Amino acid sequence: MVPPHVDPVLGDAAPVNRMGGIQQSWLLLTAAQDTFSTAENNQALFDAAPSKHKAREAFDSGHALPGTIRAGVLPDG
């Protein structure tokens, strides 16, 4: 999952409103210089998921992940 931590007033479109249901393993990718989500928002999003098998990877980038990371993590297309 890649945030932003969207304002809770947006209902189902806000990731922060869906975190309580994440029980499976998951990886949260965040960016230190994301103009849509602060470091505090990203940590709150991560902390809100009750899954015991979760990880967070933060990159020194803006909202778009660096190309080398996208190539290694995301499927082609």
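## Helix α1

The buried residues of α1 are N42, L45 and F46, where buried means under 20% relative accessible area, exposed over 50% and partly exposed in between (1.4 Å probe, protein chains only). Seen down the axis of α1, these buried residues fall within an arc of 95 degrees, so they line one face of the helix; the arc is that of the directions from the helix axis to the C-beta atoms. An α-helix has 3.6 residues a turn, so residues three or four places apart point the same way. The buried residues of α1 pack against β1 and β2 (54–59).

F46 is in contact with W26, L28, K54, A55 and R56, leaving aside its neighbours within four places in sequence. Contact means heavy atoms within 4.5 Å.

## Basis of the model

The model is predicted: local features need pLDDT of at least 70 and side-chain atom pairs count only at pLDDT 80 or more, while totals for chains, interfaces and linings use all residues. Residues are numbered from 1 along each chain as its sequence is written, and side-chain values use heavy atoms, with hydrogens and water left out.

## Overall architecture

The protein has two helices and two strands, arranged along the sequence in the pattern β-α-β-α. Helices (H or I, at least four residues) and strands (E, at least two) are DSSP runs, numbered from the N terminus. Of the 77 residues of the protein, 29% count as buried. The protein exposes about 4,900 Å², of which carbon and sulfur atoms supply 56%; accessible areas come from the Shrake-Rupley method with a 1.4 Å probe, and for residues only the protein chains shown count as cover.

Among contacts between residues at least 6 apart in sequence, 67% join residues at least 24 apart.

## Strand pairing

β1 and β2 pair in the parallel sense over six bridges; two strands pair if DSSP finds at least two bridges between them. In β2, K54 is the bridge partner of W26, and R56 is that of L28. Five of the six residues of β1 are buried, so β1 is largely enclosed by the rest of the structure.

Together, β1, α1 and β2 make a right-handed β-α-β unit. A crossover is right-handed if, with the strands pointing away from the viewer, the path from the first strand over the helix to the second runs clockwise.

## Nonpolar core

The largest nonpolar core has seven residues: M19, I22, W26, L28, L45, F46 and A49. The elements that give two or more residues to this core are β1 (26–31) and α1 (39–48). Such a core is a set of buried Ala, Val, Leu, Ile, Met, Phe, Trp, Tyr and Cys residues joined through side-chain atoms within 4.5 Å.

A58 lies in strand β2 and is partly exposed, with a relative accessible area of 48%. The C-alpha atoms of A58 and A31 are separated by 5.3 Å, with the two residues 27 apart along the chain.

S61 is placed in the loop between β2 and α2 (67–73). S61 is buried, with a relative accessible area of 11%. Leaving aside its neighbours within four places in sequence, S61 is in contact with A31, A32, Q33, D34 and P66.
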